[in-house]
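Here are a few friendly notes to read alongside the model. Take the points one at a time, and keep the 3D view open as you go.

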Amino acid sequence: MRHFPIFLALRDTRVVLSGGGDAALAKLRLLMKTEAALHVFSSLPAPEIEGWAAEGRLTLHRRPLSDGDLDGAALAYAADEDAETDARTATLARAAGVLVNIVDNLDDSAFITPAIVDRDPVTVAIGTEGTAPVLARAIKAHLEEHLPTATGPLARIASGFRKMAEALPHGRARRDFWRDWFFAAGPRAYAQGEDATQEALNDLLDAHLDRPARAGFVSFVGSGPGDPDLLTLKARRLLDEADVVLYDRLAPQPILELARREATMIEVGKTGFGPSTPQETINALLVEHAATGAQIVRLKGGDPTLFARLDEEIDTLAAHGIGYEIVPGITAASAAVAAIGQSLTKRGRNASVRLMTAHDTEGFADHDWRTLAAPDQVAAIYMGKRAARFLQGRLLMHGAAADTPVTVVVNASRGDQAVIASALATLSADLDDCPDGPALILYGLAPRDALPTLQSSGLTAVPSRQQEVS
């Protein structure tokens, strides 16, 4: 992040702008939304600037900027659209210790002015580091469309009620009250006229004061294979509302950032054959935080019902009378098979598919290898990277064809996704250079020939030693 976003208090603060043309007009239309004391320096100001000066909205100085004009200023804008004049303005600003923005000169500017969605007092600032103004305008248009015009008035009305709302306990009780106001009771009351809002606020506060405190609750949420766009809408909402998030080691940062900044974030990851948080510790943390009334998200990779030790955690909650829900997620098998352009089942090939783990609490897991070794069988094998030689040996021993296709998808759905196309005979050798990250083995499936099209979507193919991938 090159530019750190802040909201600067500008009431009665001197802001200086040098320029009188189109660039100056664009900046002034934004600055006049603030309560700053605006001073414009221009020998040839546009008629609009003269009109604003006549209305008392800014102070116009019909001359170039000079020494002393920036004394006491918080911000300065160089908007003369002339490189030499703008450079002079910037030099004066720096000498006076004032932050300066030079229009259309990102590298020499101390700050940039973002695109803004104005629902005063609610303001949304959109920045792209100056690299994509078209994108910023598109985001602005999207937000303008989805933020009701009542947003600002509802926030302004709420600001005068904050002292009253302090009768509610700090934390979730207050958040629930304000969420109810802004997204339910407030819009309904405002639709009847602003006079109806005060009574609605009083009634809403009484209703929330009478509510019993929420009991602790756990949501087991599937985070999917890693792409934030593959999260369910419910998963996003629960992350936004959670007081506590217990997350696995593989949860990617973009998904964790969807949680509230105030939420308590606790990593409880497990590493195959490496450092891990004991299951007993995870169970105890769930009980400990639920006892405080916290709304907890237990964030599990993929789908929480597949190889995630879900039952052990549910049994603990049930033993302590703690409520829970399960929110499914897209499992790695679905993301991996989509990455290679295949399906897990196909008419005439296989009417069933196995979802298998390569190891359990005792070590490598045993399965019905003879049935799996039959022709046209398909399996998605989780946590199989370290067990590749074991899997290979068991299947060949039970009669599987050496040329049975096997595809390994690493970091499925993520930006660093990689695909290794292999065969059963060379599987363990082909994984010698396997990239880091969670890997899923697709037994009985090879990538489609349309791999170049898939690569344009970010898929990386790593061909095996025997099998070239087009």
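1. A residue counts as exposed when its relative accessible area is over 50%, and as buried when that area is under 20%. Keep in mind that this is a predicted model. Start with Pro64, which sits in the loop between strand E3 (59-61) and strand E4 (73-78). Is Pro64 buried or exposed? Its relative accessibility is 53%, so Pro64 counts as exposed. Setting aside residues up to four places away in sequence, Pro64 touches Phe41, Ser43 and Asp69.

2. For the whole protein, the C-alpha atoms fill a box of roughly 90 × 60 × 40 Å along the principal axes.

3. Next, the overall make-up. The protein has 17 helices and 20 strands. Its radius of gyration is 30 Å, whereas the globule rule gives 23 Å for 470 residues, so the protein is more spread out than a compact globule. Buried residues account for 44% of the 470 residues. Of the contacts between residues at least 6 apart in sequence, 63% join residues at least 24 apart.

4. The accessible surface is about 24600 Å², and carbon and sulfur atoms contribute 52% of that.

5. Please look at helix H9 (residues 233-241) next. Which residues of H9 are buried? They are Ala235, Leu238, Leu239 and Glu241. These buried residues pack against several elements, among them helix H7 (172-190), strand E8 (217-222) and helix H10 (253-256).

6. With a relative accessible area of 18%, Glu241 falls under the 20% cut-off, so it is buried. What does Glu241 touch, not counting residues up to four places away in sequence? The answer is Arg172, Arg175, Arg179 and Arg260.

7. Asp86 is placed in helix H3 (residues 83-95). This residue is buried yet has no salt bridge. The nearest side chain of opposite charge belongs to Arg88, 9.6 Å away. Leaving aside neighbours within four places in sequence, Asp86 is in contact with Ala78, Ala79, Asp80, Glu81 and Ile102.

How values were computed: Residues numbered from 1 in each chain as written. Predicted model: local features only at pLDDT ≥ 70, side-chain atom pairs only at ≥ 80, totals over all residues. Heavy atoms only, no water. Helix = DSSP H or I, 4+ residues; strand = E, 2+ residues; numbered from the N terminus. Rg over C-alpha atoms; globule rule 2.2 N^0.38 Å. Buried < 20%, exposed > 50% of the residue type's maximum accessible area, 1.4 Å probe, protein only. Contact = heavy atoms within 4.5 Å. Areas by Shrake-Rupley, 256 points an atom, 1.4 Å probe, with all protein chains shown as cover. Lys, Arg positive; Asp, Glu negative; His and termini not counted. Salt bridge = Lys/Arg side-chain N within 4 Å of Asp/Glu carboxyl O.
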